[in-house]
Amino acid sequence: VKRSAYSSPADLERIGRIWAEFMVPWYGYPAYWATEEVRQSFSGRLSHSVVKFGVGQKVKTIYGDGTITLFVESKNRYRVRLPFGTAFLGPTAILHAIPSKEAPFIRRDGNMVRDTDDATKTEGPYLGPSHQVLFATRRIYLFLRLHLQLCNILEDLKSVCDGSVAIDPATLYVVPPGEDRKRERSDRLDFSGMIFVLKKVIARKCDQKTFETLARKISKEHAHVIASLPKLVDRCSEALFSVAKEDALFYLYDYCQYREVNPAIVRDHCFSMAPDADYRVQYNGHSTSFSFLPKGTQLSLESGGKQDHVMTDYNSKFNGNQAEHMDVDSDGEPASKRLKMN
């Protein structure tokens, strides 16, 4: 994304906040995974991309959970009450809000304000506390799909690399007596070595051919999967950039972050903000499910989405020859979008 000629500082700043305000709380990632990205992308002032959190709002900071008690405009600092004391923190030290149904907040015009609507009411049927539901646009859906595909492949490759010992064929060559073995240090033929070279390919410090050669050394059976990683990472970055440009994720997640609420009410709020929020994304802490639910389609409240059209469990093993099919419902409309990986 940073290498794109079309990315602006505001886009990069918004991407940093996507990692901090959505990916970390949604998947329960460690907070430190996003801190460096947030620091590097921050422009130095609050803007439409970096929301101003509200007084009384509970937040996750780099030092733990806290509550904002004051915002000092002149110093651009929050006064946050932490379990061990009070601290004055900059915007980059606050990662995301902690949802509270007693005092719900949503963003409006770059500020977090108290929500007076009924999106967080618990009357009526609702999913259990272990389930998270997001009603997303097509761009958000594609990014999450690609991101999960990448994570799934890396998880499988880690098992492959850790479960076998790869040997560089060059180490088996016979060196004639009297001649010194002059050869550069071989790359590590394990998962960490693969990730190290992958980062070099992404940074344009290593070419694709060298990476494919490494892939064949690591595992001939999985060389085609390893060689596809740079392309998949590029697709993920393009999808993430598209989500940042759309600028709808934060507003949708403000309503979807609460658990044990009526998803039908939340869905109506999401449609009012994004008329194309046709995709239901559900995460239970272990697996992610997707379904295509345009307006007029009945919303299922089953935890597994059994009544939804094409609820796909994405916890299966990666198959290089596997392709998503296009299911069609009784009205002839597509019940799922094709995701083609080239």
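1. Ground rules. This is a predicted model, where local features need pLDDT of at least 70 and side-chain atom pairs count only at pLDDT 80 or more, while totals for chains, interfaces and linings use all residues. Residues are numbered from 1 along each chain as its sequence is written, and side-chain values use heavy atoms, with hydrogens and water left out. Helices (H or I, at least four residues) and strands (E, at least two) are DSSP runs, numbered from the N terminus.

2. L240 itself. With a relative accessible area of 6%, L240 is buried; buried means under 20% relative accessible area, exposed over 50%, and partly exposed in between (1.4 Å probe, protein chains only). Setting aside residues up to four places away in sequence, L240 touches I15, I18, W19 and F143, where contact means heavy atoms within 4.5 Å. L240 and L142 are 98 residues apart in sequence, yet their C-alpha atoms are 9.0 Å apart in space.

3. The cores. A nonpolar core here is a set of buried Ala, Val, Leu, Ile, Met, Phe, Trp, Tyr and Cys residues joined through side-chain atoms within 4.5 Å. The largest one has 71 residues, and L134 and L144 have the most contacts inside it. Helix α3 (residues 138–163) gives the most to this core, with eleven residues. A second, separate core of 18 residues includes F53, I68, L89 and A93.

4. Not counting residues up to four places away in sequence, L144 touches F22, M23, Y27, L134, V281 and F290. V281 stands opposite F290 in β10. Five bridges join β9 (residues 279–283) to β10, and the two run antiparallel; two strands pair if DSSP finds at least two bridges between them. Four residues sit between β9 and β10 in this hairpin, and G285 in the turn has a positive phi of about 95°. Strand β10 (residues 288–292) is mostly covered, with five of its five residues buried. T288, F290 and F292 point one way from β10, while S289 and S291 point the other way.

5. The five-stranded sheet. What is the strand order in the open sheet? Five strands line up as β4-β3-β2-β1-β5, with antiparallel pairing. β4 (85–89) and β5 (94–97) stand at the edges with a single partner strand each, so one side of each is left without a neighbour in the sheet. The twist averages 40° from one strand to the next, with axes as lines fitted to C-alpha atoms (for helices over the stretch in contact) and angles from 0 to 180 degrees between N-to-C directions.

6. T67 in that sheet. Strand β1 (residues 58–61) is joined to β2 (residues 64–72) by four bridges, and K58 has T67 as its bridge partner in β2. T67 counts as buried, at 17% relative accessibility. Leaving aside neighbours within four places in sequence, T67 is in contact with G56, Q57, K58, R79, V80 and R81.

7. Helix α4. The twelve residues of α4 (residues 191–202) should span 16 Å at 1.5 Å a residue, and the end C-alpha atoms are 16 Å apart, which agrees; the expected span is 1.5 Å times one less than the number of residues. F191, G193, M194, V197, L198 and V201 are buried in α4. They cover an arc of only 155° around the axis, which puts them on the same side of α4; the arc is that of the directions from the helix axis to the C-beta atoms. Exposed residues F196 and K199 are on the face turned away from the buried side. R204 follows α4, with a positive phi near 65°.
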